[in-house]
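The sequence and structure come first.

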Amino acid sequence: MIKIIDITQKDDEVLLYYAHDKNGKKFFKVITSSDGFQFDGKHKYIIVTDAKKREEQSYDWKSFKVAKEKDTYFVTYKINSRSYLNLNGASSSDLIRWTKTGKIENIKESGTVVPDYKHNSQYIMYFGEKVIRLASSSNLSRWKTDEKPVLEPRKESFDSGDLKAGTALHIHDQILLIYYVMNKNSYSIGAALFDKRDPHKVLWRSEKPLWEQPENLHKEPFSPLGVAIINDALVLYWLVGHTTVYAISCPLPTLNGLKDKTFSVLKKFEHNPIIKPSRQIWESRATFNSAAVYEDGKVHFIYRALGDSDLSVLGY
């Protein structure tokens, strides 16, 4: 049985971490992708030990968030157990061999450390699963938390539900924080830009969601994974069911909104379908997905159809 844990990025590669059982023993592995969509690289075993060199046995983890800090990587993660609620940390020099740094005593919610960044000689973490707050540390082990949230739900907005800290990234001279919003039984994604001179200060926050969970996936087990920047676009990864990874690409947020001004959240047309079977013999049974070309102010459709003779034909 395979369990997807999370996705992170190293330079131009996207890494997918997963755990699986074999002959009653649990293993932790990673597979890479050069384009962020086809994970066809080599599978490598991940080894996680504690300070006494004892190897991890369960790998039943979630909310696995990796941040690069100069020559090392630091990960925050949670253990999937009701009796073990604290956020945990581990460090690595190569993303393959990890050493656990222990639990973070005063943080129980998911958190993401800002990569390659310090403020007043302190590492910075955004954390939270209802509101999002800030924590600071001089050594990535002991963290001091702020009581005042940096992000809270907004009434009568897409992010009026519980907010969960996602991934922190560097965009130009700002800190980009991706956060997840849980409204009833569905997710949406928001973004906020913070000032690098003061990581408490919000410079911009999205008024509309970057993406919303479509209605046809509301009944599926659905949970957020990681985020990557590929070809100057933001790619958002989700786990659908238990083994299917779903990727969505959208423009990068900037201080002026979204980098691509033509981007908007897509919604299904309320008068669908626009092409359907008709009484004509050649398309009486079915009409299929169409190719579409825009020219001279018109959209031209070429589509496949089936009629009474079960012969595939093209319609225009």
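Q: What makes β10, β11, β12 and β13 an open sheet, and in which sense do they pair?
A: In this predicted model, local features need pLDDT of at least 70, side-chain atom pairs count only at pLDDT 80 or more, and totals for chains, interfaces and linings use all residues. Residues are numbered from 1 along each chain as its sequence is written, and side-chain values use heavy atoms, without hydrogens or water. The four strands lie in the order β10-β11-β12-β13 with antiparallel pairing. β10 (111-113) and β13 (144-145) each have a single partner strand, so one side of each lacks a neighbour in the sheet. Strands here are DSSP runs of E, at least two residues long, numbered from the N terminus.

Q: How do you know that β10 and β11 (residues 123-127) pair?
A: Pairing requires that DSSP finds at least two bridges between two strands. β10 and β11 have three, in the antiparallel sense, so they pair. G111 has F127 of β11 as its bridge partner.

Q: Why is K70 called exposed?
A: Its relative accessible area is 69%. Exposed means over 50%, buried under 20% and partly exposed in between (1.4 Å probe, protein chains only), so K70 counts as exposed. K70 sits in the loop between β6 (61-69) and β7 (72-79).

Q: Which residues have the most contacts inside the largest nonpolar core?
A: They are I178, L234, L236 and W238, in a core of 22 residues. Such a core is a set of buried Ala, Val, Leu, Ile, Met, Phe, Trp, Tyr and Cys residues joined through side-chain atoms within 4.5 Å.
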